[in-house]
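Try each one yourself before reading its solution.

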Amino acid sequence: MNTPRPNILIAGAGPVGLVAANIFADAGISVAVFESDAELPTTLRASTFQPSTLDLLDRFNISEKLIALGLKAPRLQYRDRQGWMVELNFGSIREDTSHPYRVQCEQYKLTKLLADRLQQFPHAQIHFSSQVTEVSQTSDSVSISLKGPTGSSQITGDWLIGADGGRSLIRDALGIKLGGFTWPERFLVASTPFDFPSVIPNLCEVSYFADPEEWFFLLYVSGLWRVMLPIGSHENDTEALSDASIQKRLQRIYAKSGDYEIKHRTVYNVHQRVAERYRDGRAFLAGDAAHLNNPLGGMGMNGGIHDAFLLADLLVKVQKGEIPPSILDHYESQRRPIALEYVNTITIANKNNLETKDPVEQKIWRKKMMEIAADPSLAREYLLKVSMIASLRKQEQAIYAS
Ligand SMILES: Cc1cc2nc3c(=O)[nH]c(=O)nc-3n(C[C@H](O)[C@H](O)[C@H](O)COP(=O)(O)OP(=O)(O)OC[C@H]3O[C@@H](n4cnc5c(N)ncnc54)[C@H](O)[C@@H]3O)c2cc1C
């Protein structure tokens with residue numbers, strides 16, 4: 001590889017790596033992103049952009065483009081199969097955000113926008129088919145080994161960000177362990193164009209259905225309803241993804257004549273895991289490389305993007321000599337507790353509330369949600385938390401206080 005030495009090396013061209021790369025590019029700092037795939041992945045993954053993330057992405061003038069490519073979801077519902085329902089409206093936080101709604105849009109549309117935006121900067125490059133295989137560092141540089149179609153090479157920079165996803169090689173190479181656990185059940189996601197709002201009264205774009213036997217959620221993205229539900233460890237992937245299994249589950253949501261049209265289907269393992277450290281010398285972990293959580297609440301990708309903003313902003317200031325490198329420890333001390341205490345706690349509680357078989361727990365949760373929905377100040381407090389504005393504010397206060 002014939003690349004002049006960049007200041008910043010990034011492993012992974014997912015949303016987290018590309019957000020960070022855009023921040024360095026905007027600051028005039030040279031950055032090289034290394035992506036093992038031959039092109040940007042377009043698999044169906046996260047689709048929720050929280051208000052806090054949209055506010056941050058405004059810096060790149062990208063939020064409006066995401067809205068144009070997706071849709072605004074100003075409401076959030078918790079329901080059950082028997083007709084109980086509570087609705088929260090993001091209008092309660094209109095004074096707190098420029099985006100009082102979630103945006104539903106596939107994450108690959110964000111990565112495309114971010115990669116296209118990088119093209120205007122001669123000091124920013126994305127290298128595809130470039131798998132990072134090793135990491136080494138000295139007190140003033142960090143190097144990575146790369147494997148590509150034309151062989152192996154090595155490149156050195158000042159700092160490295162491992163944004164290489166849940167199976168992060170960078171994390172392993174740095175000897176950082178991932179604490180936490182994996183849920184015994186996996187999640188099945190199926191997309192269908194079936195018009196659920198015509199048969200489920202008042203259904204909004206983001207609706208979570210509690211059920212002690214089989215909870216599910218319905219999410220509207222780009223003309224399709226995504227249905228997510230749990231599958232037990234007794235069922236293998238082939239069975240879970242079969243027409244028979246998906247039709248049976250969708251028919252349980254709404255019994256209609258004839259089969260549902262299925263556009264996409266996938267099964268994945270679900271984790272609640274956080275890396276024991278986010279930093280080793282000149283190398284940092286961000287996004288899924290640093291933390292994994294269940295998708296109930298749409299916090300995984302959003303939390304990763306929040307990591308990227310804090311880490312890249314700090315590194316820009318260090319590179320420009322505006323702050324000493326010791327301040328970089330703020331990254332782990334701010335972001336790791338958020339992953340552990342905030343994102344983990346909320347997403348585990350979301351799962352428990354939807355699936356609990358205990359009638360007392362069910363009653364307590366329903367009562368609490370009804371009280372929140374009925375009281376504007378409780379609704380605001382709740383929405384600030386679930387839209388991840390509260391965690392960003394906590395982080396900002398801590399940094400400015402120090
Ligand atoms: C199957 C699946 C479904 C999901 N569905 C949802 C969902 O419905 N809702 C939700 O909120 N979240 C979901 N998520 C989680 C969400 O997609 C992630 O939180 C988000 O993608 C994290 O972004 P990232 O940039 O940290 O990592 P990624 O998006 O995983 O990006 C990492 C990138 O690094 C590249 N890479 C990996 N190893 C190397 C290497 N050694 N060298 C170079 N490049 C490398 C990968 O090819 C990839 O492009 C899902 C995740 C998966 C895997």
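**Exercise 1.** Which residues of the largest nonpolar core touch the most other members?

*Solution.* Before we start, a word on the model: it is predicted, so local features need pLDDT of at least 70 and side-chain atom pairs count only at pLDDT 80 or more, while totals for chains, interfaces and linings use all residues. Residues are numbered from 1 along each chain as its sequence is written.

Step one: a nonpolar core is a set of buried Ala, Val, Leu, Ile, Met, Phe, Trp, Tyr and Cys residues joined through C-beta atoms within 7 Å; buried means 20 or more other C-beta atoms within 10 Å of a residue's own, with C-beta atoms placed from the backbone.
Step two: of the 112 residues here, the answer is I10, A20, A21, V31, I170, A286 and L311.
Step three: helix 8 is the top contributor, giving nine residues (helices are DSSP runs of H or I, at least four residues; strands are runs of E, at least two; both are numbered from the N terminus).

**Exercise 2.** List what A21 touches, not counting residues up to four places away in sequence.

*Solution.* Using contact as C-beta atoms within 7 Å, placed from the backbone, you get I10, V31, V33, L118 and A124.

**Exercise 3.** Find the order of the eight strands in the open sheet, then its edges.

*Solution.* Pairing takes at least two DSSP bridges between two strands. The order reads 6-5-14-15-16-13-17-20, with mixed pairing. Strand 6 (85-89) and strand 20 (291-292) are the edges, each pairing on one side only. Inside, strands 15 (216-221) and 16 (224-231) run antiparallel, joined by five bridges, and Y220 sits opposite W225 in strand 16.

Notes
A residue is buried if 20 or more other C-beta atoms lie within 10 Å of its own, exposed if 12 or fewer, and partly exposed in between; C-beta atoms are placed from the backbone. Two residues are in contact if their C-beta atoms, placed from the backbone, lie within 7 Å.
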